[in-house]
Every structure is written in structure tokens, then in C-alpha cells.
Amino acid sequence: MIHGKWNKSIFEEVYDSLLEELPLADNAPGGMIKYRRSLTLSLFFKGFMHISKELSKNVLDVEYISKELESASDCFHYKAPKSSQYYQVVPKNQESYDLIGRPLVHVSAFKQATGEAIYCDDMPKFANELYLALVLSTRAHAKILKIDPSKALSTEGVVSFFSSKDIAGDSRWMGAVFHDEEVFISEKHTSVNVQQPLSAKYMTEW
């Protein structure tokens with residue numbers, strides 16, 4: 001348990017404690033490990049700022065955070081979402097096999113509603129089953145200078161490594177309408193968390 005005055009020092013002490021007490025392994029169920037850890041710390045920071053703001057109204061010796069960070073305690077305001085579904089009412093004399101204008105139930109709707117639908121995580125694991133892991137970019141705009149998968153391949157359990165060089169011809173490209181995005185970036189990426197080869201070295205462009 002941490003004791004002390006409500007100030008920056010106790011904030012840093014609790015922050016460090018959260019880092020130690022709430023670790024998440026890279027293979028933790030649910031994924032998004034970095035996001036979940038940063039979310040926990042962000043919520044603590046927001047709560048700390050809110051309490052500091054309230055204490056500063058009545059307690060004189062509270063070390064209040066600078067004005068630049070004051071807005072961190074503000075809450076988000078939004079309107080409750082609403083939705084409507086419209087569909088055509090077909091004539092009573094329309095044949096039952098005539099589906100024109102009729103609302104159709106999604107093929108998997110009943111299975112999903114009853115819990116009978118089977119997803120990837122529901123499938124039993126097999127002996128010697130392989131898993132695919134993607135290494136995502138941590139730079140917003142950078143050129144790939146070198147790819148060295150040797151360290152990853154030397155790790156126990158790692159079977160193979162794939163990059164853009166392993167995808168031939170037009171198969172390298174994808175996209176909903178225009179195929180203008182690479183499955184694996186080969187030269188330069190322009191956003192964070194795009195799919196990246198393992199152990200790539202970057203040259204950042206600012």
C-alpha cells in the first residue's frame with residue numbers, strides 16, 4: 001500500500017507500481033497488449049487529475065498539476081446512439097418463394113444469437129499446431145533499410161519467416177477497390193501498426 005501526500009511524487013510512485021503489478025505477456029488472450037497497458041495507465045492518470053482538480057478547490061496545500069494538463073480530467077460527452085431499420089412491406093398475395101422486398105435473416109444469425117456459432121478460439125488445438133505472429137510498425141513514417149530475421153529464427157519454436165519477398169507478383173497487393181496496399185510492406189510504410197517483417201531496421205523520415 002502506498003502512503004503520502006497527493007502530489008506528483010505519489011503519482012509517479014503509483015504509476016511505477018502499476019507497471020510492475022499489471023504485466024501482460026505478449027501472448028495474453030485478447031491481444032492488443034500495448035494498447036491495454038497504456039489504457040490502464042491513461043485511466044489512472046485521468047483519475048489522478050480529476051481528484052487533484054477537486055482537492056484544489058478546498059485544500060490549499062495540494063500540489064496541483066500544470067494548466068497544460070488540466071484538460072486531461074475532462075469527460076467526454078456524446079449523444080446516445082440511435083438506429084432505425086426500414087424494410088419494404090410486401091403484398092399479401094406475393095408468393096412465399098418470392099424474396100423480392102422481403103427482409104432476410106442473416107445466414108448465421110440464429111447460431112450467433114444462441115451461442116452455437118463456432119469461432120477460431122472455440123476450435124480445439126492440435127499437436128504441433130503452428131501459429132502466425134505479425135510484427136507491427138512502431139514508426140509513423142519510415143523506410144525499411146534492412147531485414148534480419150536470424151534472431152527470431154533462432155528462438156525455440158519458430159519454424160519459418162515470411163516477408164514481402166516471399167509473395168510473388170500481383171499477389172503482393174490488396175485493397176477493397178484498388179489493389180494499392182502491400183500485404184507486407186517492402187520499402188516504406190506511412191502509418192503505425194501496419195504489417196511489418198521481423199527485425200526490420202528503420203530510417204525515420206520527419
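A: Let us begin with exposure: a residue is called buried under 20% relative accessible area, exposed over 50%, and partly exposed in between, using a 1.4 Å probe and protein chains only. Leu39, with a relative accessible area of 36%, is therefore partly exposed. Please keep in mind that this is a predicted model, in which local features need pLDDT of at least 70 and side-chain atom pairs count only at pLDDT 80 or more, while totals for chains, interfaces and linings use all residues. Residues are numbered from 1 along each chain as its sequence is written, and side-chain values use heavy atoms, with hydrogens and water left out.

Q: What share of the 206 residues in the protein is made up of buried residues?
A: Buried residues make up 17% of the 206 residues. The accessible surface comes to about 17,600 Å², and 58% of it belongs to carbon and sulfur atoms; such areas come from the Shrake-Rupley method with a 1.4 Å probe, and for residues only the protein chains shown count as cover.

Q: How many helices and strands does the protein have?
A: Helices (H or I, at least four residues) and strands (E, at least two) are DSSP runs, numbered from the N terminus. Here there are four helices and seven strands, and along the sequence they follow the pattern α-α-α-β-β-α-β-β-β-β-β.

Q: How can I check the length of a helix such as α1?
A: The expected span of a helix is 1.5 Å times one less than its number of residues. Helix α1 (residues 8–21) has 14 residues and should therefore span 20 Å, which agrees with the 20 Å between its end C-alpha atoms. For α2, the 26 residues should span 38 Å, and the end C-alpha atoms are 39 Å apart, which agrees.

Q: Which residues of α1 are buried?
A: An α-helix has 3.6 residues a turn, so residues three or four places apart point the same way. In α1 the buried residues are Ile10, Phe11, Ser17 and Leu18. They lie on the same side of α1, because they cover an arc of only 130 degrees around the axis, where the arc is that of the directions from the helix axis to the C-beta atoms.

Q: What do the buried residues of α1 pack against?
A: They pack against α2, where contact means heavy atoms within 4.5 Å. In α2, the residues Ile33, Leu41, Phe44, Phe48, Met49 and Ser52 are buried, and what covers them includes α1. Asn7 lies in the segment before α1 and counts as buried, because its relative accessibility is 16%.

Q: Which residues form a nonpolar patch on the surface?
A: Patches are made of residues with over 30% relative accessible area and no salt bridge, like charges being joined within 9 Å and nonpolar side chains (Val, Leu, Ile, Met, Phe, Trp, Tyr) within 5 Å. Met32, Tyr35, Leu39 and Leu43 form such a nonpolar patch, with about 440 Å² of accessible area together, and Leu39 lies in helix α2 (residues 33–58).

Q: How many salt bridges does a search of the whole structure find?
A: Side chains of opposite charge can pair when their charged atoms come close. A salt bridge is a side-chain nitrogen of Lys or Arg within 4 Å of a carboxyl oxygen of Asp or Glu, and the search finds one. It joins Arg172 and Glu182, whose closest N and O atoms are 2.4 Å apart. The pair links distant parts of the chain, 10 residues apart, with Arg172 in the loop between α4 (150–153) and β3 (173–174) and Glu182 in strand β4 (residues 181–182). Arg172 is partly exposed, because its relative accessible area is 24%, whereas Glu182 counts as buried at 13% relative accessibility.

Q: Which phi does Asn128 have, positive or negative?
A: Most residues other than glycine have a negative phi. Asn128 has a positive phi of about 60 degrees, although it is not a glycine. Asn128 is placed in the loop between α3 (109–114) and β1 (135–136), and with 77% relative accessibility it counts as exposed.
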